Amino acid sequence: MPVRPLTGIRVIDLAVDRGELCGRLLSDLGAEVIKVEPPEGSPSRSLPPLDPLTPEHSLFFTMRNCGKRSVVIDPGDAAGMATFETLLASADVLIGSAEPGAAAEVGAPELEAEAIAARHPHLVVASITAYGRTGPYAGRDVPGSVIDATSGMCWKAGLPEREPLMPPGNISGDVAGLTAAFAVVCALIQRLGHGAGQLIDLSANEATAQITDWSLPNSSKSMIAGVEPMEVRAGPGPVYTILAAADGFVRLVVLSPRQWQAIRAWLGEPDYLQDPEYDGFVARFMIADAVLNPLYEELFSTMTMEEVSEEAQRRGIVATPILKPGDVITNGHFEARKTFDRVPLSTGGTMSLPSGWMEIDGERVGPTGRPPHLGEHTGEVLAALDAGSGPQTDGLVAWPPVPESAPEPALPLAGVRVADFGHGGVGVEISRMLAEYGADVIKIESRTYPDFIRVVLGGEMSPSFASSSRSKRSLGVDAKSGEGRRLLLDLVAGAGGSPGCDVAVENGSTGVMDQLGLGYRDLSAANPDVVMVSSQLMGSSGPWSDWKGYGPNTQVTGGMTHLWDYPAVDRPSGSQSIFPDHWAGRMGALAAVAGVLGRRRGVMARGCHAEVCQAEQTVGAMGDLLARESLQAGSVQPQGNRRDRGAPWGFFPCEGDDQWVAICCRDDAEWDALAALIGADDPVLATLDARREREDEIEAAVAAWTRTLSKHAATEACLAAGVPAGPMLTSGEQLQDPHLAARGYLVELDQPPIGVMTFEGPAFTASGMADADIRPAPGLGEHTRQIAAELGLDEAAVDAMIASGVLETGIPSSES
């Protein structure tokens with residue numbers, strides 16, 4: 001049986017659509033999650049994608065509610081609501097997604113998140129809303145596609161001559177649920193210390209903005225320097241190219257001189273490519289369209305996309321196949337990893353459902369059961385409630401009593417120490433989340449093997465690196481040397497009176513940490529309590545486990561790139577998004593804090609090793625769509641911006657150059673309101689089926705109206721009429737957004753040595769937490785002397801280790 005560190009925790013789940021993944025993740029990690037539904041059932045039971053063979057079966061609901069229990073309570077029944085209060089008193093966590101003021105509007109102010117938190121001070125109440133509970137946009141009831149537009153997920157997806165593209169799936173709603181799960185566990189860590197619950201206010205808009213690829217700090221840095229940032233769609237862009245093979249397409253990434261020399265050798269060392277200038281990316285970019293890409297496609301033309309990728313990886317070149325949904329669910333690597341559960345259905349056939357987001361100690365931590373039938377557990381749960389029994393907590397550390405007055409807000413991870421071996425995007429994002437909430441994160445690096453994001457612009461700092469390594473300390477050390485390895489083991493174990501590490505994070509290539517003598521076996525021998533989080537591109541097992549790559553390489557293998565496209569195109573249009581790097585970072589951070597809490601509560605006798613396969617994060621994010629494909633081959637295709645949830649649904653052009661507004665009608669009433677705005681007086685269009693038949697005509701009518709307005713004016717007109725809408729914002733535009741400013745999301749700092757820039761702020765605030773700790777990123781080796789002294793090394797020993805190259809400080813040893 002897998003380790004489930006949240007065993008013994010009870011969660012009441014009221015979330016509908018947005019944030020439903022929060023409860024699913026907590027359930028996977030061991031919590032008892034009770035979904036409370038009205039007699040007619042949760043609205044999410046009817047959300048698409050639907051089972052094509054049994055349309056009353058929502059695959060959206062299935063994917064996000066596996067392992068939960070269902071209890072029916074009638075909100076209009078006084079006795080039922082008294083039972084609900086008793087249920088809350090028995091629980092540790094409440095998850096809700098109602099917009100602020102929604103309960104009060106229907107005459108139930110006692111069900112507002114603030115009121116519930118006040119009545120149940122032991123309870124961690126997680127409010128997951130579109131824009132948060134404060135700020136100018138608070139209370140806007142909009143679907144996830146509008147959040148995709150306002151958060152910055154869309155402006156870099158698609159072709160410059162066409163409309164921008166909304167991502168497939170439920171990215172904004174699910175990353176809100178994932179980030180909320182992290183926040184909940186942080187709050188439970190605090191409760192274990194002082195007994196008090198708290199109210200978490202999470203904005204889906206800010207949670208999604210956090211995963212938009214460092215765009216905000218890079219744009220802000222450009223604008224401060226007087227340079228207009230290049231915020232235009234360019235397909236896959238010049239770095240993450242998409243090229244044809246015999247049976248499909250591959251994503252090829254050639255960045256370093258070593259990668260270039262390897263592919264040049266594969267091409268047969270043409271004389272005209274021998275100029276040393278081509279070792280640099282810029283020179284190759286200048287001849288990419290005319291020379292290089294045609295050469296690559298000619299080379300690949302006789303091979304399948306998997307053969308191209310396998311040979312490229314063998315040669316040290318980054319390439320991955322662009323898999324379609326049908327390819328993903330039958331892929332041999334995913335089959336070997338048991339990425340999917342093959343679920344037999346009572347109606348016949350088998351559904352392929354992603355088997356879980358992570359592994360702990362080599363075992364998949366997936367669903368604890370199927371999704372519940374409506375009210376399936378009502379009798380059982382309420383009978384246990386009457387008997388005064390709750391979740392099984394025998395042998396676990398008890399929660400302290402609720403204090404008479406609320407504790408002063410504090411950072412929940414204060415006292416936690418983290419050894420950060422991460423680089424690039426995923427590992428450093430895991431530890432960034434921990435650092436912002438109080439952990440002492442020590443980034444381990446060296447100039448011999450620097451974090452490539454640190455040096456990507458030629459110096460030792462870049463806006464992207466600063467974003468993901470802010471609030472950390474830097475230890476410059478040669479991990480390949482014997483002395484360096486011993487120092488790192490002392491760091492993890494604790495030495496010289498300093499505490500050991502609670503968490504270690506790494507996302508190196510498969511096997512690298514073991515080769516260094518710093519794998520989980522080595523670290524746990526030094527400190528049995530350490531929780532290690534590893535994240536590899538394709539996971540640490542399976543035929544492709546040794547593959548190398550970047551976020552866009554896992555986006556393609558999980559089916560997302562194929563679906564993030566216009567319908568009926570000849571070749572993938574592409575996006576410059578590096579999803580799922582930042583998503584995987586948050587999943588790893590959740591694994592880390594769950595491990596810390598599980599160890600402190602006594603669920604685990606020692607630490608554990610959590611693994612977050614990056615490609616499987618994309619698979620999970622596309623999970624309900626892949627499930628539908630498994631039930632009916634060919635049923636899941638690129639939709640552009642149209643969605644099964646309603647019509648019209650998409651981006652519409654506005655006044656100005658490349659200005660767009662997202663408008664999404666979920667039901668007939670919202671369409672009626674929009675029709676009145678645009679002057680579309682046709683009663684035949686009153687139903688969704690009728691609108692589907694004339695979708696092109698309706699979209700043209702909406703576009704004719706929006707073209708006369710700015711995207712902000714179109715948004716305001718729609719919202720005033722009750723139609724969900726939002727402007728598509730680039731990162732540069734987000735810097736001027738009044739709501740992000742009011743929420744404290746725009747954090748301006750002076751980052752040595754490159755100057756002032758704006759960082760992404762927090763996705764949530766919480767009544768029991770101090771403001772997120774956001775400070776500049778460290779210089780390489782900036783804290784080496786300080787950390788070495790903490791480990792008991794005297795100044796002479798440190799000087800000797802610097803002279804020998806074992807340690808590095810902020811000034812390279814050749815200059816010191």
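## Pockets and cavities

A pocket is an open set of points on a 1 Å grid over the protein atoms alone, with protein on both sides within 12 Å along at least five of seven lines. A cavity, on that grid, is a set of points where a 1.4 Å probe fits but cannot get out. Lining residues have an atom within 4 Å of a point. Grid points are joined across faces, edges and corners, and a volume is the space filled by probe spheres set on the points.

This is a predicted model, in which local features need pLDDT of at least 70 and side-chain atom pairs count only at pLDDT 80 or more, while totals for chains, interfaces and linings use all residues. Residues are numbered from 1 along each chain as its sequence is written, and side-chain values use heavy atoms, with hydrogens and water left out.

## The second largest pocket

The second largest pocket has a volume of about 1,400 Å³. It is lined by 49 residues, and those closest to its centre are Leu14, Val16, Pro43, Ser97 and Ala98. Several elements each supply at least two lining residues, among them strand E2 (32-37), helix H3 (78-90) and strand E5 (124-129). Helices (H or I, at least four residues) and strands (E, at least two) are DSSP runs, numbered from the N terminus.

The lining of this pocket has 25 nonpolar, ten polar and 14 charged residues. Here Ala, Val, Leu, Ile, Met, Phe, Trp, Tyr, Cys and Pro count as nonpolar, Asp, Glu, Lys and Arg as charged, and the others, Gly among them, as polar.

## The largest cavity

The structure holds five cavities of 30 Å³ or more. The largest cavity has about 150 Å³ of space. Two elements give two or more residues to its lining: helix H11 (281-286) and helix H12 (288-300). H12 gives the most, with four residues.

Residues that line the largest cavity include Val239, Leu252, Phe281, Arg284 and Tyr296. By class, its lining has nine nonpolar, two polar and one charged residues.

## One side of helix H30

Helix H30 covers residues 711-721, and Lys711, Ala714, Thr715 and Cys718 in it are buried. They sit on the same side of H30, because they cover an arc of only 100 degrees around the axis. Buried means under 20% relative accessible area, exposed over 50%, and partly exposed in between (1.4 Å probe, protein chains only). The arc is that of the directions from the helix axis to the C-beta atoms. An α-helix has 3.6 residues a turn, so residues three or four places apart point the same way.

What covers the buried residues of H30? The cover includes strand E21 (660-664), helix H27 (668-678), helix H29 (695-706), strand E22 (725-727) and helix H31 (731-734). Just after H30, Gly722 takes a positive phi of about 85 degrees.

Most residues other than glycine have a negative phi, and most peptide bonds are trans. Lys338 has a positive phi, near 55 degrees. Lys338 lies in the loop between helix H15 (332-337) and strand E10 (340-344), and is exposed at 61% relative accessible area. Ala568 also has a positive phi, about 55 degrees. Its loop runs between helix H23 (560-563) and helix H24 (581-601). Ala568 is exposed, with a relative accessible area of 84%.

Where are the cis bonds? One runs from Ala647 to Pro648, with omega near -5 degrees. Pro648 is in the loop between helix H26 (623-631) and strand E20 (649-653). Another cis peptide bond joins Pro752 and Pro753, with omega about -5 degrees. Pro753 lies in the loop between strand E23 (746-751) and strand E24 (755-760).

Key: Contact means heavy atoms within 4.5 Å.
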